[in-house]
Amino acid sequence: KLVGDIISKPPILANQNISINEASKILIENGINHLPIVDENKNLVGIITSWDIARAVAQNKNSILEIMTATVISSTVDEPIDVLARKMSIYNISGAPILDKNKKVVGMITAEDLSKLVGIRA
Ligand code: SAM
């Protein structure tokens with residue numbers, strides 16, 4: 001099975017210019033934990049999780065660019081799912097944006113998606 005077979009799409013994305021407050025609302029209103037951050041051309045420039053928001057509060061950070069992780073571990077629609085699962089485990093991340101050939105974000109896969117595959121509810 002390939003990543004493209006199980007991606008949740010369309011992905012919920014946010015522009016790098018939004019505030020931390022707006023980012024936290026997007027996470028809560030959509031019941032998600034990962035928010036890929038894109039620039040004006042919809043290119044991936046980072047990722048925010050609720051952990052990053054907690055850190056922003058703890059450390060009085062004020063901008064998305066300051067708190068996002070800019071080196072994003074991503075996957076592609078044609079990558080085998082087990083390769084992605086190993087990548088997520090090695091890098092200690094619980095979600096990865098999925099890119100198409102033009103490097104645009106077309107979906108997300110989270111650890112929750114992967115555990116559903118083996119019949120375990122995360
Ligand atoms: N293991 C937990 C998890 O997966 O959410 C917490 C630790 S994880 C190291 C938390 C950090 O990983 C956050 O700063 C977040 O921005 C970053 N992160 C989450 N997904 C990522 C991804 N696909 N690529 C790069 N960093 C990512």
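Reader: Which residue just after α3 takes a positive phi?
Author: N60 does, with a phi of about 55 degrees. Helices are DSSP runs of H or I with at least four residues, strands are E runs of at least two, and both are numbered from the N terminus. The model is predicted, so to speak of local features pLDDT must be at least 70, and side-chain atom pairs count only at 80 or more, whereas totals for chains, interfaces and linings use all residues. Residues are numbered from 1 along each chain as its sequence is written, and side-chain values use heavy atoms, without hydrogens and water.

Reader: Which residues of α3 are buried?
Author: D52, I53 and A56 are buried, meaning under 20% relative accessible area, with exposed over 50% and partly exposed in between (1.4 Å probe, protein chains only).

Reader: What do the buried residues pack against?
Author: They pack against α2, β3 (44-49) and α4 (64-67), where contact means heavy atoms within 4.5 Å.

Reader: Changing topic, is E79 buried or exposed?
Author: E79 counts as buried, because its relative accessibility is 13%. E79 lies in the loop between β4 (75-76) and α5 (81-90).

Reader: Which side chain makes a polar contact of 3.4 Å with that of E79?
Author: That is K87. A polar contact is a pair of N or O atoms within 3.5 Å; within protein, one must be able to donate a hydrogen and the other to accept it, and sequence-adjacent residues count only if both atoms are side-chain atoms.
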